[in-house]
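Student: I have a new model open. Please show me how to read its features.

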Amino acid sequence: MLHVRSIWNGAISFGLVSIPIKLVNATENHSISFRQIHTEDGGRIRYRKYCELEDREVSGQEIGKGYEDADGTIIPITDEDLAGLPIPTAKTIEIVAFVPEDRIDPLQMDAAYYLQAGGAPAAKPYTLLREALKRSNKVAITKYALRGRERLGMLRVVGDAIAMHGLLWPDEVRAPEGVAPDADVTVRDKELDLADALMDTLGEVDLEDLHDEYREAVEEVVAAKAAGETPPETPAPEAGGGKVLDLMAALENSVRAARESRGEDAEVKHLQQRKTSRSSPKDTGGKKSTSTAKKKTASSPRKSTSKTSQAEKKTTKSTAKKTAAKKTPAKKATSRKRSA
């Protein structure tokens, strides 16, 4: 059980089934926070809240909410006003549909929460919803109210718990207009092959092995300054950095560096085989090529043998002719001498 303070208490509405739950944060922020100080003497800079009418500082207990109208009039809104809103999601996470998870655009994903069962009576319906979500391979789309506004949510199973991701409304996600390059760019197959090789070399990663190096570096700086030592210096950038002029060379160097970092052979070989495997079918092509190769291999000795025999016959004929030609003049010369 999570020993975390709940930020919202209510119930999940699953048809006519009501599941009491507590909403707790599923994530936590580990980033280092800084205070504003006066650079002259290091004194803290604080913001104090003043009432404009009385010109005095007020405490948190005296501060409430107000809506500013178009003419500048402030309309007070109390917590009771918000709690009494005539909507079913004021204290309820209302399930409105079940859809495949890939229907959810990752751009809509917002904060993440765990839904904790609210006591023993919630155990049975909570487990029922969890197992139903597992078996359906779907996620539940919900509506709920939190921090003064109604929101969309998505319920999914994480381990033995039900998690809820806040979703942005579809009209809150901007269209990617004007983001992609305007120029008409052509990417060559060789460049794609090298990009594939780089992706294969980098491979997969266990997210547990990744850590916040920036935070660690800041902690080192803070520790050094607290001990009166000189903070570690930032390493100088490598020579040759800057604008990439040759994309192919940059990709090849990237593949080489990635392979060296993994202790692999750093040689970037020709990727013709990868390109061929793309264009040819996986199963049928291999079988056909094998049988064809066998046929060619089987038939080639016959052709070569016949060619060899023909060549031998031609050589024999030409040799016979030459021999006859040489013998004939010799006979003529002998007969001439005898007649003389």
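The dialogue below takes up salt bridges, a helix and a surface patch.

Student: What should I know before I start?

Tutor: This is a predicted model, where local features need pLDDT of at least 70, side-chain atom pairs count only at pLDDT 80 or more, and totals for chains, interfaces and linings use all residues. Residues are numbered from 1 along each chain as its sequence is written, and side-chain values use heavy atoms, with hydrogens and water left out.

Student: How many salt bridges are there?

Tutor: Start with the general idea. Side chains of opposite charge can pair when their charged atoms come close. The rule asks for a side-chain nitrogen of Lys or Arg within 4 Å of a carboxyl oxygen of Asp or Glu. By that rule there are 9 salt bridges.

Student: Which parts of the chain does the K65 and D79 pair link?

Tutor: K65 and D79 form a salt bridge at 3.0 Å, N to O. K65 sits in strand β5 (residues 65-68) and D79 in helix α1 (residues 79-83), so the pair links distant parts of the chain, 14 residues apart. Helices (H or I, at least four residues) and strands (E, at least two) are DSSP runs, numbered from the N terminus.

Student: What about pairs within one helix?

Tutor: An α-helix has 3.6 residues a turn, so residues three or four places apart point the same way. E131 and K134 are both in helix α2 (residues 123-136), 3 residues apart, about one turn. Their side chains meet in a salt bridge of 3.6 Å, N to O. E131 also pairs with R130, at 3.0 Å, N to O. R130 is buried, at 14%, while E131 is partly exposed, at 35%.

Student: How do I check the length of helix α4?

Tutor: The expected span is 1.5 Å times one less than the number of residues. Helix α4 (residues 213-226) has 14 residues and should span 20 Å; its end C-alpha atoms are 20 Å apart, which agrees. Just after α4, G228 has a positive phi of about 75 degrees.

Student: Which residues form the nonpolar surface patch?

Tutor: V185, V187 and L192, with about 260 Å² of accessible area together. Patch residues have over 30% relative accessible area and no salt bridge; like charges are joined within 9 Å, nonpolar side chains (Val, Leu, Ile, Met, Phe, Trp, Tyr) within 5 Å. Areas come from the Shrake-Rupley method with a 1.4 Å probe; for residues, only the protein chains shown count as cover. L192 lies in helix α3 (residues 189-202) and is partly exposed, at 37%.

Methods
Buried < 20%, exposed > 50% of the residue type's maximum accessible area, 1.4 Å probe, protein only.
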